[in-house]
Structures are given as C-alpha cells and as structure tokens.
Amino acid sequence: MLKDIGERLFTLIPVLLAVSLITFVLGSMSSGDTARTLAEKKYDRPTYEQIEKIRTEMGFDRPVLVRYVSWLEDALRGNLGFSYSNDKPVVDEIVQYFPKTLQLSLLALLFLIIISFTLGISSAVFSGSLIDKISRIYCFWSVSMPEFWFGLILLYIFGARLGLISVLGGNSMKFPIIPALTMSLCSGGIYVRLIRTNMEEVLNKGYIRAARAKGVSEYKIITKHALKNAMLPVINKLGIGFGSLLAGSAIIESIFSWNGLGNLALESVKLKDYPVVQGYVLFMAVLMVLINLTVDIICGIIDPRLKNV
Amino acid sequence: MQVKIQAVKRSNARFCSSHGIINRILTQKAAVFGFVIVALIIIIAITASVIAPNDPLKVNMSMRLKGLSSLYWLGTDNLGRCIASRLIWGARMSLIYSMCVLGLMMAIGIPIGLLSGYAGGRIDTFIMRIIDIFLSLPTFLMALAISGMLEPSVKNMIIAMASVWWAPYARIIRGMAMQTKQQDFMLAAKAAACTHTQIIFRHILRNIAPPIIVMATLEIGSIILAIASFSFIGLGAQPPTPEWGIMLSDSKEFMQTQPQLMVYPGIAIIVTVMAFNLLGEGLKNAIQN
C-alpha cells in the first residue's frame with residue numbers, strides 16, 4: 001500500500017510541473033509591464049531609467065526559462081512572491097483566505113452528499129414512483145440552472161426580502177448555509193443520476209436475488225449489500241466534485257460577498273494582481289492533485305480489488 | 001480497389017442510416033419540444049438586427065429603469081437601454097460564442113482523439129497522460145488562469161474553455177476510434193492500400209461522425225451556461241456587450257429596488273440551456289437505441 005502511494009506521488013510530479021509552467025508562461029505573457037507597475041508604486045511617476053533599474057533588480061530582463069527556474073525554486077521554498085496591491089506575501093494571503101473557502105466547500109459537499117444519496121437511492125429503490133419522477137425533474141433542472149442566477153434569486157429572497165442574510169457583506173453569516181445550498185443544489189443532478197444507475201445495476205445482480213431468497217431484510221440488502229458496491233464510482237466522482245466545489249466556489253463567493261480565496265482571486269484579476277492569481281491557480285492545482293490521490297487511496301481501501309491495478 | 005469501394009460504400013450506408021435517427025427523434029415529445037425552441041432561438045439570433053425594437057447599446061439616461069411599454073417591450077435598464085433588444089442580441093452573442101468554443105474544442109479534440117486511438121502504443125500512452133493532466137483540473141480553474149493572467153476578454157474566455165474541454169471529448173473519440181479500428185472493413189481498407197490519413201479521416205471519422213455530433217449538441221447547453229457564468233464574474237465578454245451574463249451582473253446592484261432586471265436574462269439562459277439539453281438527450285436516446 002505504502003509503495004503504491006509512493007509511486008502515485010511520483011507520477012504527480014510531471015502534472016505539477018506542467019501546471020506550474022502553464023501558470024508561469026501565462027503570467028509572463030500577460031499584457032501589463034510588471035516592472036512599470038512596480039516602478040509606478042515606488043516612484044509615483046517613474047523615469048525610464050527608474051523602470052529599467054527595477055527591471056534589472058527584479059530580474060525581469062532575464063530569459064523566461066531562467067525566471068521560471070528561479071520562481072520554481074522560490075515556490076518550493078514556500079515563497080510565491082508578493083501581492084502587487086498590498087505587498088503582503090502571497091502565501092500569507094492564501095493561508096488567510098483559504099479556511100473560508102474550505103468551510104463553504106465542505107458544507108456544500110455535506111449537502112451534496114445528503115441530497116444525492118437520498119434522491120439517488122430512493123429513486124432506484126422505488127423505480128417509477130413519485131419520488132423517482134421528482135428526482136428526474138430535479139436532475140434535469142440541476143444541469144440547466146445557472147448556478148449564479150439561482151444564487152442571485154436566493155440572495156434576493158433571503159437577503160432583500162426576508163433579511164436573513166446581508167446583501168452586502170456575507171461575513172454576518174456564521175455558517176454559509178445559503179451559499180453552500182446553492183452550490184450543492186446546482187451540482188447535485190449528475191450525482192443523483194450516477195447513484196441511481198449504479199444502484200439499479202447492482203440491485204439487478206444475482207447476489208442481491210440470492211440475499212433476498214435467503215430472507216435478508218430489504219433494508220439490509222439496500223444498505224449493506226447494494227450500497228457498498230454501488231458506492232465506488234460515486235466516491236470517485238464525489239472526490240472530483242469536491243475539487244470543483246473548491247475551485248468553483250469563486251462565483252458563489254462573489255455573489256454572497258463571502259470572503260474566501262475564490263473571491264480574492266476574482267478581485268485580484270480585476271486589480272491585475274498577477275502574483276496572487278498565479279499563487280491561487282498553483283495552490284488550487286496542487287490541492288486538486290492531492291484530492292485525486294486521496295480519493296484513489298480511499299477507493300483502494302474500500303475495494304481491495306483495485307489495489308493491484 | 002474493389003474492396004476499397006465496398007468499404008467506402010459500407011461506411012456511407014452506415015452514415016446514411018441516420019435517416020432512421022430523425023424518425024426516432026420525432027417520436028420523443030421532449031426532444032421535439034427542445035428542437036422547436038432551439039430553432040426559435042437560432043431564428044431570433046440570426047434576425048436580431050431586424051426584430052430587436054431598439055439599439056441594444058444606446059444609452060438614454062432620461063429613460064432609466066422604465067417599465068413595460070410598446071417601445072421598450074420589457075422596460076429599460078439602469079442606463080436606459082432597451083432590455084428586450086439586449087436579450088435578443090444576447091441570444092446571438094451566446095450562440096456565436098458557444099459555436100466558437102465548440103468549433104475550437106472539436107478542432108483540437110477530434111484529431112488528437114483519432115490519432116491516439118488509431119496509433120495506439122506509445123503515442124497513445126503519451127497523449128493519454130496529457131489528457132489526464134487536463135482532466136484532473138477543474139474547468140473553472142484553467143479558465144481563471146488563462147483569462148486572469150492574460151486580459152479578460154471574449155477571445156481569452158473562448159480559448160480558455162476550449163483548452164480545457166477538448167480533453168474529455170478527445171478521450172471519448174479515442175475510445176470510439178479504437179473500437180472502429182478493430183472492425184473488418186478496416187482490414188479491407190488496409191488491404192486496399194489506403195494511407196493512414198485516408199483511413200483516419202475517410203473511414204474512422206465518417207463512421208463515428210453521428211455520435212460526435214450528438215456529443216457536441218449535449219455540450220452546447222453547458223457551454224452556454226459557462227459562458228454566461230464567466231461573463232457574469234467579469235472574466236468573459238466585457239460590458240457593454242449585450243450578453244446575458246453581463247446583464248445579470250449589472251442587475252445585481254439594483255436587486256433591492258428593481259428585481260425584475262435579474263429575472264429576464266436568467267429566464268433567457270435557463271430556457272436556452274434546457275432546450276439544448278432536451279434536444280441533446282433526445283439525440284442521445286435515438287442513437288443509443
């Protein structure tokens with residue numbers, strides 16, 4: 001098992017190198033002249049010599065590849081540069097804002113699991129019933145609904161009409177229940193469908209019939225025999241889904257003014273604060289890769305058959 | 001030569017059997033409904049310059065936030081621009097942008113998928129590695145990286161979306177190409193001394209064309225959704241473009257006093273996306289049967 005994990009970790013290196021290279025090259029292609037931006041901050045109205053001085057000082061005149069290697073060295077030491085807008089280290093900014101995003105995404109994941117498992121399992125068990133129809137409509141609604149529009153509607157209802165949450169500053173909320181609900185409701189459809197198909201497939205298998213013939217109670221068949229086998233692809237997908245929740249939370253964060261990392265990244269894009277955007281993308285990419293790895297390990301523990309694949 | 005002609009005929013026969021598909025689609029009410037709405041939206045988009053009652057960009061501060069009238073069908077927004085005209089032009093924008101994304105995505109995904117599936121071996125392993133990298137990153141993150149690090153604009157949004165979405169597409173095409181490769185007529189084509197390019201484009205691509213088109217239709221809904229989202233957060237189309245996402249983002253400020261401003265664009269998005277999804281589902285069912 002440990003050896004497996006070690007091997008997997010080793011294969012992650014090219015992925016991370018690729019992501020870091022993409023972010024860096026994109027950063028060096030960005031339209032603004034970084035040296036000029038920095039010089040304007042320092043000297044108010046910089047002369048040409050002052051701009052060039054900063055360019056040599058910061059090493060912007062070196063070739064891209066050389067800059068990439070030194071940037072990567074710094075990044076490995078935990079230094080992602082400094083924010084242009086407030087001169088704070090990017091790493092500190094990420095550490096400061098990330099817990100809010102994590103809280104929101106975890107809550108959304110919890111809602112997502114509750115919604116998709118209830119609807120998915122019950123629609124597979126009571127196939128053709130009212131709940132099956134409801135879950136079908138829900139699936140279709142969920143893939144067609146713009147997440148941000150649903151968020152705006154909920155903000156209008158709960159914020160502007162009922163006054164339960166603040167329309168302007170989201171930090172009055174202790175728990176981001178409404179934002180999390182928006183995210184989970186709008187992404188739940190695919191999971192409901194996945195659980196339903198998997199459950200139906202498993203429920204039609206021979207060993208379920210055998211269990212029924214032996215007189216095992218229906219409740220036990222569903223929870224113990226069917227669910228465990230239908231779970232595996234779902235867990236895999238939920239892992240990727242958690243990644244999308246973390247990365248995709250930016251839109252919802254900006255609607256509900258929730259001060260998370262995604263909101264910070266969007267603000268930084270507006271301010272052209274490239275080091276923060278770069279740091280955000282790299283941090284998120286590392287996180288995604290680690291989540292994928294964890295999911296693979298969990299699946300391996302649940303299903304020993306996968307261990308040798 | 002004889003064999004080659006037969007092989008071509010055979011693949012043509014399969015291609016032409018899509019007539020049956022149209023009949024099968026017509027039996028599904030939901031798909032027909034979706035198709036009618038999609039057709040309507042396309043007509044609206046094409047004739048936008050004729051049917052729109054006003055100029056979608058014309059600012060008229062004396063007519064700010066007016067209600068419904070015969071001149072302004074759905075009223076005006078915070079800058080006195082005609083909402084109905086902006087919605088109609090928004091349909092055109094959404095369709096143009098999504099077609100660009102789709103075209104670019106297919107232009108990258110189809111050749112790479114075909115090559116990977118046809119060549120196999122080391123080339124296949126290498127391409128799949130790259131595809132896996134792209135699959136492990138959420139769309140939104142890549143789009144933010146590209147639009148954020150470069151200038152946020154429609155062009156960059158389209159590039160960003162296509163550069164992420166080709167990967168799953170290419171993987172499915174690879175699978176289909178691998179299946180087709182194992183069929184008998186491939187052997188015939190090889191025996192008839194077809195070149196690799198001929199085999200890939202004439203024989204494999206023609207055989208898998210119908211499912212590729214269906215997959216594309218299934219994607220349009222989510223592409224339109226993503227375009228609106230990116231424009232909403234300022235990473236896509238820039239104001240004052242008449243685009244549904246931008247309209248929604250403009251309306252956020254006036255949520256308390258003018259909630260109707262955020263209703264119209266939202267409805268436009270959801271109706272369009274639902275119509276494309278209904279049509280796509282119908283096509284998928286028709287092809288699977």
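This is a predicted model: local features need pLDDT of at least 70, side-chain atom pairs count only at pLDDT 80 or more; totals for chains, interfaces and linings use all residues.
1. For the complex as a whole, the predictor gives an ipTM of 0.83 and a pTM of 0.85.

2. Chain A has a mean pLDDT of 84, with 94% of its residues at 70 or more. Confidence in chain A is lowest in helix 2 (residues 34-43), at a mean of 72. It is highest in helix 5 (residues 90-125) of chain A, at 92.

3. On to the fold. Chain A comes to 12 helices and zero strands, and chain B likewise has 12 helices and zero strands. Read along the sequence, chain B follows the pattern α-α-α-α-α-α-α-α-α-α-α-α.

4. Now the overall dimensions. The C-alpha trace of chain A spans about 85 × 55 × 30 Å along its principal axes, and that of chain B about 75 × 45 × 25 Å. For chain A the radius of gyration is 24 Å, whereas a compact globule of 309 residues would have one near 19 Å. Buried residues make up 37% of the 309 residues in chain A, and 45% of the 289 residues of chain B count as buried.

5. The interface deserves a careful look. Here 34 residues of chain B are in contact with 41 residues of chain A. On the chain B side, the elements that give two or more residues are helix 7 (139-149), helix 10 (196-232) and helix 12 (260-288). By residue type, that side of chain B divides into 24 nonpolar, eight polar and two charged.

6. Is Val281(A) buried or exposed? Val281(A) counts as buried because 26 C-beta neighbours lie inside 10 Å, where the cut-off for buried is 20 or more. Leaving aside its neighbours within four places in sequence, Val281(A) is in contact with Thr23(A), Leu141(B), Leu144(B) and Ala145(B). Val281(A) and Gly81(A) are 200 residues apart in sequence and 14 Å apart in space, C-alpha to C-alpha.

7. Leu141(B) comes up again in the largest nonpolar core, which has 147 residues. The members that touch the most others are Ala265(A), Leu141(B), Ala143(B) and Met161(B). Helix 5 of chain B gives the largest share of this core, 16 residues. Beyond its neighbours within four places in sequence, Met161(B) is in contact with Val101(B), Ala143(B), Ile223(B) and Ala226(B).

8. For contrast, turn to helix 9 (residues 206-213) of chain A. Why does helix 9 of chain A lie largely in the open? Of its eight residues, the number buried is zero, so helix 9 of chain A lies largely in the open. Gly215(A) follows helix 9 of chain A and has a positive phi, near 90°.

9. Finally, the annotation. An unreviewed UniProt entry places the feature "domain: ABC transmembrane type-1" at residues 91-280 of chain B. In the model that span is 83% helix and 0% strand, and its end C-alpha atoms lie 19 Å apart. The unreviewed entry also places "transmembrane region" features on chain B, including residues 95-118 and 212-237. Residues 95-118 of chain B are 100% helix and 0% strand, with end C-alpha atoms 33 Å apart. Over residues 212-237, chain B is 81% helix and 0% strand, and the end C-alpha atoms are 28 Å apart.

Technical notes
Residues are numbered from 1 along each chain as its sequence is written. Chains are lettered from A and ligands numbered from 1 in the order in which they are written. Two residues are in contact if their C-beta atoms, placed from the backbone, lie within 7 Å. Helices (H or I, at least four residues) and strands (E, at least two) are DSSP runs, numbered from the N terminus. Ala, Val, Leu, Ile, Met, Phe, Trp, Tyr, Cys and Pro count as nonpolar, Asp, Glu, Lys and Arg as charged, and the others, Gly among them, as polar. pLDDT is the predictor's confidence in each residue, from 0 to 100. UniProt positions are given in the numbering used here, feature names are shortened, and annotations may be inferred rather than shown by experiment. The radius of gyration is taken over C-alpha atoms; the globule rule is 2.2 Å times the number of residues to the power 0.38. A residue is buried if 20 or more other C-beta atoms lie within 10 Å of its own, exposed if 12 or fewer, and partly exposed in between; C-beta atoms are placed from the backbone. A nonpolar core is a set of buried Ala, Val, Leu, Ile, Met, Phe, Trp, Tyr and Cys residues joined through C-beta atoms within 7 Å.
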